[in-house]
Each structure stands twice: as structure tokens, then as C-alpha cells.
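Please read them with the sequence and the structure open beside you.

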Amino acid sequence: MAHDDPDILGQLDALRRYARVLTRDAEAADDLVQATFVRARERRATFREGADVRVWLMAILRNLFIDDRRSALAARARDRAWADTRPAFVAPSGEGAARLAQLRAAFLSLGPDQREALQLVAVEGLSPAEAAQVLGIPAGTVMSRVGRARAALRAWEDGNGGAAGPRPLRIVGGRDDRKT
Amino acid sequence: MTGRHDGEAELEADLLALLQGGLEPDRALAVADRLADRPDRAADLLRQARDTAALRLALAAEDDPPPALVAEAHRLRSSLRGQRRLRRIAPVAAAVALFAAGWAGSALWQVAGPAGAPPLVEAALDAQAALELRHWMVSQPETAVLNAQEIVAALGVDLPHLPEDWTVRDVQIVATPDRPAVAIAVDAPDLGPLLLMAVARSPGEAEEPPTAFEYEGRTIALFERGRSSFVLVDAQGHPEQLAMGADRLMSFD
């Protein structure tokens with residue numbers, strides 16, 4: 001019955017957002033999501049009846065990304081994207097735009113472990129147990145990473161005055177050479 | 001300290017629900033009470049809620065998903081739907097197919113594996129690994145064109161007509177211990193991705209009954225027809241299901 005079907009289309013935004021943060025490249029992210037759907041179709045027998053389709057797809061996406069990361073081609077694409085030649089995210093506009101852009105930069109500057117945990121739990125709304133399933137780590141580790149990521153962003157905000165001022169972006173973790 | 005983490009996560013979720021007006025009145029009152037007693041914690045949670053909202057805005061995608069992505073999402077949904085149906089009907093269908101095959105006396109499948117896997121099975125698994133590798137390699141484009149005439153002429157095998165709903169992903173000539181074979185990677189809507197390998201049989205060799213079995217985490221169907229031997233490999237699924245797929249191939253002219 002159609003109303004029992006897993007809602008795949010409803011996961012598109014979250015999957016694309018997760019893929020964009022992983023790849024830093026809009027085109028590569030969409031390719032990754034596409035590959036995720038293809039792989040999921042090939043492995044549809046592994047989807048358990050009643051399981052959360054979003055968690056299943058995110059785990060596949062992450063594994064594909066890790067496999068792909070091993071190739072030099074992907075590494076070059078990521079390096080290129082790091083230089084921000086192709087914006088992966090919409091440019092914020094209106095009041096607070098600069099702050100959002102800085103928050104995004106601070107978020108993207110977090111260590112990959114903290115960033116992924118924070119994205120899955122805070123942005124995508126997964127429970128610690130679900131995020132643990134995607135990341136293949138214990139739920140307690142997920143939450144400690146989320147805690148550290150939040151603390152880092154908090155410290156950034158405190159250092160930044162929480163507003164779009166001229167103050168330099170401060171990345172917590174002792175890497176801010178310009179702090180006084 | 002999972003319990004503490006769960007409690008914190010629950011409180012945060014409650015706060016978000018409270019802000020969005022998504023809590024029942026009694027629950028909303030209880031949460032508000034808890035937070036009112038702990039203003040410092042409430043302030044923390046509000047900052048987290050603010051960060052979450054800001055991050056969602058900051059990480060918003062620039063555009064709508066491309067049509068190809070939406071189409072792939074639809075395909076996946078259909079596949080999952082088909083998978084669920086298959087789970088419901090597979091045991092019955094397999095029993096019917098096996099009974100029918102036995103009654104016809106043409107293809108009674110043995111569903112126990114041979115004592116040792118024939119070299120042909122090993123060759124098919126090697127071929128599958130190679131094709132899988134090609135699938136992910138940019139510099140190794142796949143060949144989805146199945147030129148049966150040329151393959152028959154070059155290898156001396158009889159290629160079955162693939163069911164119309166099977167999609168050819170890749171066709172490669174591969175090595176086996178005795179002679180070259182053709183390996184065809186296909187997507188079958190009811191079975192998923194399969195590998196079919198066909199190789200010419202030695203003249204005068206006795207025809208073995210078809211067998212379907214599990215081997216090294218894969219499901220294998222091994223069958224012969226005329227002057228050719230076939231191996232069908234499935235990454236998952238039951239031997240009985242794969243035997244049904246092989247039956248469709250064996251019914252070719």
C-alpha cells in the first residue's frame with residue numbers, strides 16, 4: 001500500500017544537506033545522494049521492515065563518501081571546493097546574513113567528528129542512538145562530540161560578540177592566531 | 001553516561017517542541033516548570049535552539065534537487081515497495097515454482113550446494129568482483145550493449161534472451177580456467193543486481209542438474225543448457241528465489 005511506503009522524497013533535503021557538508025561541493029553532493037539511492041536500491045534487501053529509512057540512507061551515504069574519499073579524484077574535488085570556487089550553500093541574505101555566513105564557516109571549520117555529530121543530532125534531528133547508528137560509534141560518544149561541537153560554536157559566538165561585527169572569526173581549539 | 005545524555009536530549013527536544021507549540025498542555029506545563037526552576041539551563045537550551053535554527057538556515061541548499069535525483073528517489077521507493085511484496089510472496093512463489101518445475105520434469109532444482117564449489121563458480125565470483133570494481137571506476141566505462149551475435153560467434157555459447165524488464169549494466173569477456181566466458185551484470189526488478197556468466201561446455205560432457213545454493217555470502221544458481229553452462233550470482237536473497245530467476249532464463253528458445 002502506497003501510504004506505507006518509506007518516504008524517500010521527504011529525506012532529500014536532509015540527505016543533500018548532509019552530503020554538502022561532507023563534500024563541500026554542491027555537484028559532488030548531489031552525485032553522492034544519487035549514488036546513495038542507487039546503492040540503497042541494490043541493497044534494498046538489507047532494509048528492515050519498520051526501520052527508519054533516513055537513518056538507513058544516511059549510513060549508506062556516509063559509507064559511500066568514505067569509500068569515495070579514498071580516491072585522489074575526490075580529494076582534488078574537495079580541495080577545490082574548500083577554496084569555495086563553487087558555493088555549496090545558499091548565500092544568506094537580509095539582516096543577520098553576515099552572522100549566518102560566519103556561523104556556517106565556524107561550523108565547517110569544526111573537526112569532522114564533531115561537525116558530523118552536531119549536524120546529525122542538532123540540524124537533522126536524529127536521536128543520539130540514530131546518529132550512533134549512522135556513524136558507527138556508541139551513542140555516548142555521539143553526545144560528547146555534540147557537546148564539544150556546541151561548546152566550540154558557543155566560544156566562537158562569545159568571541160564574535162554574537163553579531164556581524166568586524167571582529168575576526170575565532171575558531172575554538174587554539175588555532176586563532178589573532179586573538180588578543 | 002547514556003542516561004544523562006538521553007535526559008538532556010529529551011529536555012532539549014521538549015524545549016524545541018514547546019517553542020513550536022507542539023506539546024500537549026499538560027506536558028508543556030511540566031516542561032515549562034522544569035525550565036523555570038533552572039533558568040541557567042533554560043538559557044543554555046535556548047541558545048542551542050537558536051544555534052540549531054541558525055545552522056539550518058546557514059546550511060540551506062541553494063537550489064531544488066535536480067530531476068535525476070528526484071527520479072532516482074522514486075525508483076528507490078518503488079524498489080522498496082517491490083522488496084516488501086517479494087518478502088510476502090516469495091516463500092509461496094518459490095514452493096509453487098519448484099513444484100511446477102518438478103512436475104514438468106524439466107528442471108528440478110537442487111538447493112543444496114556441491115561439496116566444493118566448481119571452478120566455474122569461483123570464476124564467476126572473480127568476474128563479479130571485477131565488474132563491481134569497474135562500476136566505481138571513472139576510467140573504466142561500462143559496456144551496456146549486449147551484442148549476442150558477436151558473443152555467440154566468438155565464444156560458442158548460447159545466450160539466453162534476457163527478460164524484458166532486466167536491465168544490462170555491463171558486459172565483459174572474462175577468463176575461466178578452461179576458456180573465455182561472458183559476464184553480464186544486470187538489474188532485475190524482482191531480484192536486484194545479478195551477474196550472469198556464460199561459458200561453452202566441453203563437447204560430450206554430461207549435463208548436470210541445475211543447483212542453487214549459498215556460497216561465501218552469495219547466492220549461486222548453476223545450470224546448463226545445450227552447449228553452454230551458466231552461473232547466476234546474487235549478492236543476497238534465497239536460493240529458491242534465484243532458481244526462479246534462472247528458470248526464466250532457461251525457458252529461452
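1. A:Arg24 counts as buried because it has 21 C-beta neighbours inside 10 Å, the cut-offs being 20 or more other C-beta atoms within 10 Å of its own for buried, 12 or fewer for exposed, and partly exposed in between, with C-beta atoms placed from the backbone. This residue is found in the loop between helix H1 (12-23) and helix H2 (26-42) of chain A, where helices are DSSP runs of H or I with at least four residues, strands are runs of E with at least two, and both are numbered from the N terminus. The phi angle of A:Arg24 is near 65 degrees, a positive value in a residue other than glycine.

2. A word on conventions and confidence. This is a predicted model, in which local features need pLDDT of at least 70 and side-chain atom pairs count only at pLDDT 80 or more, while totals for chains, interfaces and linings use all residues. Residues are numbered from 1 along each chain as its sequence is written, and chains are lettered from A and ligands numbered from 1 in the order in which they are written. The predictor gives the complex an ipTM of 0.71 and a pTM of 0.52.

3. Chain B has a mean pLDDT (the predictor's confidence in each residue, from 0 to 100) of 78, and 81% of its residues reach 70 or more. Over residues 101-106 of chain B, however, the pLDDT is below 50, and this stretch has 6 contacts in the model beyond near neighbours in sequence, a contact being two residues whose C-beta atoms, placed from the backbone, lie within 7 Å. Where pLDDT is low, the predicted coordinates should not be read in detail.

4. Chain A comes to 8 helices and 0 strands, and 41% of its 180 residues count as buried. Among its contacts between residues at least 6 apart in sequence, 60% join residues at least 24 apart.

5. In chain B, 6 strands form an open antiparallel sheet in the order E1-E2-E3-E6-E5-E4, two strands being paired if DSSP finds at least two bridges between them. The edge strands, each pairing on one side only, are E1 and strand E4 (211-215) of chain B. A hairpin of 6 residues joins E1(B) to E2(B), and 7 bridges hold these antiparallel strands, residues 167-174 and 181-188, together, with B:Gln172 opposite B:Ala183. E2(B) also pairs with E3(B) in the antiparallel sense over 7 bridges, and there B:Ile184 stands opposite B:Leu196.

6. Which strands does H7(B) lie across? They are E2, E3, E4, strand E5 (218-225) and strand E6 (228-234) of chain B, and the helix runs at about 30 degrees to E5(B), with axes fitted to C-alpha atoms, for helices over the stretch in contact, and angles from 0 to 180 degrees between N-to-C directions. Buried residues of H7(B) include B:Leu242, B:Met244 and B:Leu249.

7. The contact between the chains takes 37 residues from chain B and 42 residues from chain A. On the chain B side, helix H1 (2-19), helix H3 (39-58), helix H4 (67-104) and strand E3 (192-200) each give two or more residues, and H4(B) gives the most, with 13 residues.
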